[in-house]
Amino acid sequence: MSARALCLHAAHDLRLEAAAVPEPGPGEVTVRLGAGGICGSDLHYLQDGGIGRIRVREPIVLGHEAAGTIEAAGPGVDLAPGQPVALNPSRPCGSCRFCAEGLAQHCLAMRFAGSAMHLPHSQGFFRDRLTLPAAQCVPLPAGTGLTEGACAEPLAVCLHALGQAPELAGRRVLVTGAGPIGVLVTALAARAGAAEVVTTDLQDHALDVAARMGATTPLNVGRSPDALTPWQADRGRIDVAFECSAAPAAIRAALSALRPRGTLVQVGGAGDTPLPLGEIVSREITLRGSFRFHGEFAQAVALIATRAVDVRPMLAPPVPLERAADAFALAADRSRAVKVQLSFA
């Protein structure tokens with residue numbers, strides 16, 4: 001079998017190529033892809049040839065947010081052809097010290113789809129069909145669309161981020177950055193019973209989506225740089241802030257809005273970034289990082305399937321794989337789209 005694969009050779013060098021698809025062996029399945037979401041990391045790979053110190057050193061198939069349908073199953077697999085599934089891009093080794101401690105997101109030998117961290121690179125999901133371990137496939141209940149199922153990975157990231165924070169019920173929450181992660185964190189904070197969810201961004205379109213997904217107070221801090229002033233009064237009025245942009249200005253704004261002994265969960269990451277340590281020290285701020293996910297993936301699928309978290313407001317119409325260049329351009333334009341997905345129909 002063969003497939004079309006979206007392969008990056010270097011910065012700005014994205015090619016649609018033929019790729020071999022092996023028959024599934026024991027414990028494996030072949031999946032026909034239906035939808036694949038373009039992540040900020042995919043944009044970084046295309047625009048910069050890497051992310052920070054991680055560089056593309058050989059051709060790599062991008063993509064780590066996807067859902068599809070089982071096409072064939074190898075021996076010892078419970079999944080049957082025709083079963084829709086969400087694809088978990090995380091493949092930890094299961095035996096290193098972090099896996100043994102239940103911290104598989106920090107696995108020393110992690111193979112994460114569409115990542116250039118290791119050599120050879122871990123090939124991603126942007127292809128018509130692929131063969132992979134059945135353990136990476138989480139069944140989607142009947143009635144769950146593949147476009148929604150492909151949002152399980154970013155939602156899992158957000159569930160892990162909420163796990164780094166204290167109880168949100170009755171609290172004032174700030175979310176900086178209304179990209180896919182920001183609007184999903186907004187939805188989860190609202191679902192957790194936050195008394196107020198303030199979401200900031202520079203684009204009205206993204207803030208409109210955030211409002212539809214649970215933001216009580218969407219703020220355009222590009223048009224109104226002082227919009228957060230009421231929450232920065234009296235040494236800060238926000239209890240928990242989720243920083244989803246990695247922009248230095250947004251980090252400073254989040255810290256200045258946190259009350260003494262508030263919590264900043266840093267979800268966005270973009271290399272070395274200056275931090276106002278004086279703010280952290282003088283108000284005894286708890287700073288927590290949040291990296292990927294592990295057990296949260298199955299939880300994300302369940303929340304999407306029941307629409308306890310409705311991801312549809314953030315989805316732009318899918319773009320066919322053969323128009324990948326247009327899809328990446330749209331994904332990079334935050335004034336028009338929050339989450340752009342490729343269609344593999």
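1. Let's start with Cys39: its relative accessibility is 19%, so it counts as buried (buried means under 20% relative accessible area, exposed means over 50%, and partly exposed is in between, with a 1.4 Å probe and protein chains only). Keep in mind that this is a predicted model, where local features need pLDDT of at least 70, side-chain atom pairs count only at pLDDT 80 or more, and totals for chains, interfaces and linings use all residues. Residues are numbered from 1 along each chain as its sequence is written, and side-chain values use heavy atoms, with hydrogens and water left out.

2. How many disulfides are there? The count is zero, where a disulfide is a pair of cysteine sulfur atoms within 2.5 Å. For Cys39, the closest cysteine sulfur belongs to Cys158 and is 11 Å away, too far for a bond. Cys7 is also buried, at 6% relative accessibility. From the sulfur of Cys7 to the closest cysteine sulfur, in Cys39, it is 18 Å, so that is too far for a bond.

3. Now the sheet. Strands β2, β1 and β6 make an open sheet in the order β2-β1-β6, with antiparallel pairing. β2 (13–20) and β6 (60–61) are the edge strands with a single partner strand each, so one side of each has no neighbour in the sheet. Strands here are DSSP runs (E, at least two residues), helices are runs of H or I with at least four residues, and both are numbered from the N terminus. Two strands pair if DSSP finds at least two bridges between them; β1 (residues 2–10) and β2 have eight, in the antiparallel sense. Across that pairing, Ala3 stands opposite Ala19 in β2.

4. On to the rings. A pair of aromatic rings is described by the distance of the centres and the angle of the planes. The rule used here takes rings of Phe, Tyr and Trp (its six-membered ring) with centres within 6.5 Å; planes under 30 degrees apart are stacked, over 60 edge-to-face, and the rest tilted. That gives three aromatic pairs. One of them is Phe126 with Phe344, a tilted pair at 6.5 Å centre to centre and 35° between the planes. Why is this pair worth a look? Phe126 is in the loop between β10 (111–112) and β11 (129–133), while Phe344 is in the segment after β20 (341–343), so the pair ties together parts 218 residues apart in sequence. Phe126 is buried at 0% relative accessible area, and Phe344 is buried at 3%.

5. Phe112, Phe293 and Phe297 belong to one aromatic cluster. Phe112 also has a charge over its ring: the charged end of Arg292 sits 3.9 Å from the ring centre. The test for this is NZ of Lys or CZ of Arg within 6 Å of the ring centre and within 35 degrees of the ring normal.

6. Leu146 is in helix α3 (residues 146–149) and is partly exposed, at 23% relative accessible area. Leaving out residues up to four places away in sequence, Leu146 touches several residues, among them Gly34, Ala67, Pro84 and Leu140; contact means heavy atoms within 4.5 Å.

7. Where is Thr273? Thr273 is in the loop between β17 (258–266) and α9 (277–282). Thr273 is partly exposed, with a relative accessible area of 28%. Its contacts, not counting residues up to four places away in sequence, are Ala246, Pro248 and Ile251.
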